[in-house]
Amino acid sequence: MLLFLVQGSEAELEQPTTEYSLFQKYESPTMRKVLIGLFFIILIVPFYGQTPNDNLQKYWKYRDRLRTRFMVVSENVMDYGVNIPASDIFYDKDIISWGDANNNMSHYLSMLSTELWLLKQNHQDYSSTLKELYYAMLALERLDMYSESNLRWKSAHGSWLENDSIEKSYVRPGDINGFLLRDDVGDSFWRKYGSHFDVSKCQGNLNRQDKFQMEEMSQDVIEHDMEGLSLVNTLVGTESVAGIPCNLPDNNIKTRLTHLAIMTCDSDVLQSPKLINFKLWAQDFVKRFIRFMQYDGTYSGKIGGLIPFKTHWVLVNPVTNKLVMQGNGADGGVAMISNGLLRAGQAITGENLRIYPRLLSDKEYNLAFKHPKTFQLGLEDNKTRSLACHVSGERTFARLRKLRDHYNPHKTGHFPIYEHFPLMYLVMHDLNYPGLGLKDKIHNFDKGLYDGLLDSAPISGPASNCGIYEWTSTSRCLWPENLGKKSGRQIEYNGLDYMMLHNLYDIAFGIKGFRTLKIDSVLTAGARNSILEKHEKAISQQDSIMTN
């Protein structure tokens with residue numbers, strides 16, 4: 001039997017320490033089911049007064065917090081660093097970090113596409129959301145266009161080419177190819193936009209000086225970004241951008257998008273963008289990414305240092321012609337999930353994107369997805385779940401639910417885990433709980449589970465020391481193993497995991513009434529303190545129950 005190798009997860013700014021998890025010592029399936037049920041009963045108790053409207057108010061509070069404290073939303077779309085959300089603000093170190101890019105654009109695109117769909121379905125003004133989505137997609141284009149030229153400049157001059165010298169950039173034919181740096185935040189971005197933030201320093205890809213040098217996008221980043229792009233493909237069609245201010249010069253981006261019928265421009269001298277087909281745009285990115293993951297040369301390696309293999313499925317920096325720094329597939333990780341990548345790519349684009357052979361048969365890959373513990377998927381389990389969302393299958397939804405509640409590859413005892421994938425599956429395939437007729441135990445259990453999570457999120461936003469365990473990670477959807485591990489620090493997180501879950505929940509459960517709310521209508525500080533007091537009381541009761 002071919003065993004999957006555990007691939008190391010990419011590092012955050014600092015490595016967390018281990019803490020005790022509530023369910024860690026309860027390994028039997030029966031006891032775990034009891035504790036999961038008990039956990040959600042207890043979780044919901046402190047927030048019994050919250051309603052969908054309360055969570056909607058909280059949602060718009062998070063949205064305002066994201067725009068004002070975690071990113072720069074700018075019409076100057078070619079400025080490095082703009083329109084890409086940061087992941088963490090380390091107030092105890094006076095620095096904002098863009099992290100490793102795994103949750104930034106992925107969650108952001110997921111949130112924007114679902115928000116736009118919900119506003120449009122509820123006959124609300126969605127112009128602000130459309131503007132952000134337009135800018136975010138152009139940020140990805142900016143990264144694709146200038147990543148190679150940045151690397152060429154760095155190779156020749158020993159430093160990054162920043163946007164104050166962007167006119168010196170020399171983009172070559174073929175540079176728009178799906179190879180991206182993780183972000184383009186650096187010192188010039190901070191000189192121009194640093195006053196927007198409430199800390200004095202930033203850490204991005206172009207000025208990162210810690211030990212975790214990453215630079216290029218990894219397989220993880222690509223797979224996560226495909227989640228957001230798939231939701232854009234499913235939920236957003238052709239929209240008018242004529243009224244959106246956008247300083248997009250006449251460059252390769254505009255020429256290419258127009259040629260592909262993604263962008264339609266006015267016939268005036270300026271060739272101003274008029275219409276954008278977001279569906280085609282998302283599909284084009286997926287095509288680029290999957291083709292980039294198939295190297296023209298042949299790579300030879302050993303799985304676990306023992307099992308020889310040859311593959312084209314590795315990520316290679318086109319400037320250095322060397323493997324990218326992290327998540328490159330040297331351990332066979334990309335080759336072993338190539339089946340899932342190709343299936344996802346075909347589901348999104350309608351095209352077979354295979355250039356080179358896969359490592360596993362479809363049967364072997366399917367068995368690995370269904371039995372991740374037997375196949376020792378480890379941290380790769382997140383990837384197979386993610387890729388499964390894109391492909392419609394009779395039993396996929398049930399399998400994603402079962403894994404959510406019963407298989408934790410991190411062995412922390414924490415459940416649910418990767419809870420966004422069942423919701424994402426439903427939304428991607430135009431399904432929902434009422435539409436499936438799931439108004440019985442499945443519907444009721446899952447609604448209680450997601451209600452509990454959404455209700456428990458702190459009004460002020462996720463943070464390492466917010467006092468609510470479920471919201472103490474950079475993203476509970478990507479790094480659930482980090483929950484509760486930095487409680488002694490002063491770190492705030494961007495909250496995109498909450499906003500993404502909130503919108504997926506509303507669509508999957510058919511919740512009505514999504515609308516824009518004024519930020520000043522959010523719960524007051526006194527109300528927040530009351531909620532926290534109830535939560536602390538419930539935790540105390542929970543500890544008493546567990547002790548007895």
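This tour moves through a predicted model from its confidence values to a sheet and then to the helices packed around it.

Residues are numbered from 1 along each chain as its sequence is written, and side-chain values use heavy atoms, with hydrogens and water left out. In this predicted model, local features need pLDDT of at least 70 and side-chain atom pairs count only at pLDDT 80 or more, while totals for chains, interfaces and linings use all residues.

**Confidence**

Colour the chain by pLDDT, the predictor's confidence in each residue, from 0 to 100. The protein chain averages 85, and 82% of the residues score at least 70. Select residues 1-28, where pLDDT stays under 50, and then residues 521-548, where pLDDT also stays under 50. Where pLDDT is low, the predicted coordinates should not be read in detail.

**The sheet**

Select next the open sheet of four strands, ordered β3-β2-β1-β11 with mixed pairing. Strands (E, at least two residues) and helices (H or I, at least four) are DSSP runs, numbered from the N terminus; two strands pair if DSSP finds at least two bridges between them. The edges are β3 (201-203) and β11 (491-493), each pairing on one side only. From one strand to the next, the twist averages 20 degrees. Strand β2 (residues 95-97) runs parallel to β3 and is joined to β3 by three bridges; in one of the pairs to display, Ser-97 has Gln-203 of β3 as its bridge partner.

Contact means heavy atoms within 4.5 Å.

**Helix α2 against α16**

Display α16 (residues 496-508). The axes of α2 and α16 lie 10 Å apart, at an angle of about 140 degrees.

**Helix α15 against α16**

Finally, select α15 (residues 441-456), whose axis comes within 11 Å of that of α16 and crosses at roughly 145 degrees. Lys-447, Tyr-450, Asp-451 and Leu-454 of α15 meet Tyr-498, Leu-501, His-502 and Tyr-505 of α16.

Methods. Axes are lines fitted to C-alpha atoms, for helices over the stretch in contact, and angles run from 0 to 180 degrees between N-to-C directions.
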